[in-house]
Amino acid sequence: MYFIDPHVHMISRTTDDYERMTRMGCVAISEPAFWAGYDRGSVESFRDYFRQLTEFEPTRAGWSGIQHFTWLCINAKEAENIELSREVIKMIPEFLDRPNVLGIGEIGLNKNTMNESTIFQEHMELALRFNQLILIHTPHLQDKYKGTHMIVDMLRADSRIQPHRVLVDHVEEHTVRLAKDHGFWCAMTLYPTTKCTPARAADIIERFGDDRIMVNSAGDWGPSNPLAVPDFIQEMRKRGHSEEKIKKVVYDNPIQFFSQSKNFKFKPPQVTYGPA
Ligand SMILES: [Zn+2]
């Protein structure tokens with residue numbers, strides 16, 4: 001089955017990973033801007049990072065026949081530095097017309113601090129001003145419920161925000177309804193241990209339905225698996241779900257959400273059957 005991984009940090013992965021993803025049916029990915037594992041020292045580091053995301057990375061993905069899309073922002077961890085964040089936000093419009101840029105992301109909260117909230121709202125302003133989609137990171141473990149609540153409150157307090165143009169990522173059993181019930185899109189991250197396993201993600205689809213929801217690997221430089229979406233496909237098949245229902249979650253839904261961006265010029269694969 002063909003699939004799209006809507007959240008994977010491929011700059012941290014090898015070309016062999018792209019190859020393996022292609023063989024399993026991956027036709028496109030979207031790569032949000034994220035934390036590098038260290039705090040960057042200046043706005044110029046971000047400018048170079050955005051060049052990598054919009055120039056070399058789409059080329060490298062293309063070697064394996066994968067279409068590469070991306071999102072730009074300063075992540076929640078580095079948003080603690082208000083001054084640097086504002087410089088980055090001011091520079092981002094230079095890149096918004098690049099052909100693979102889908103919007104602003106992954107913005108959000110990490111430790112649910114005041115500074116993070118301030119920069120989250122300034123990113124919202126940027127997205128509204130340039131009519132961009134928004135992709136949101138929700139915090140880890142014990143900070144997740146409170147952080148997701150804070151994020152949804154900030155979005156709903158602004159009447160200009162259209163929920164169907166916002167994706168709330170890393171939802172779990174206790175946060176999925178916060179996103180879905182207010183009309184936002186949401187995504188589940190399939191991690192080997194934390195966040196959602198493929199089985200938990202399948203449970204959530206069974207409980208809350210398959211509308212406005214997708215799954216991703218969030219593969220990065222930490223323990224993660226860029227083939228997690230195929231693992232989810234297998235889990236759904238084992239449970240007897242139809243191919244049509246599975247395809248909706250791993251292929252049709254990302255296309256529906258991304259198609260709201262004028263830069264999503266997706267070329268569907270030429271043959272109607274996929275590998276695996
Ligand atoms: Zn991420």
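A residue counts as buried if 20 or more other C-beta atoms lie within 10 Å of its own, as exposed if 12 or fewer do, and as partly exposed in between. Phe-3 has 26 C-beta neighbours inside 10 Å, so Phe-3 is buried. The model is predicted: local features need pLDDT of at least 70, side-chain atom pairs count only at pLDDT 80 or more, and totals for chains, interfaces and linings use all residues. Residues are numbered from 1 along each chain as its sequence is written.

Phe-3 sits in strand β1 (residues 3–5). Strands are DSSP runs of E with at least two residues, helices runs of H or I with at least four, numbered from the N terminus. The C-alpha atoms of Phe-3 and Arg-13 are 18 Å apart.

Two residues are in contact if their C-beta atoms, placed from the backbone, lie within 7 Å. The table leaves aside neighbours within four places in sequence.

| Residue | In contact with |
|---|---|
| Phe-3 | Gly-25, Cys-26, Val-229, Pro-230, Ile-233, Val-250, Tyr-251 |
| Val-215 | Ala-187, Met-188, Leu-190, Ala-201, Val-229, Phe-232, Val-249, Val-250 |

A nonpolar core is a set of buried Ala, Val, Leu, Ile, Met, Phe, Trp, Tyr and Cys residues joined through C-beta atoms within 7 Å. The largest one has 76 residues. Val-215, Phe-232 and Val-250 are among those with the most contacts inside it. Helix α9 (residues 243–258) gives the largest share of this core, six residues.
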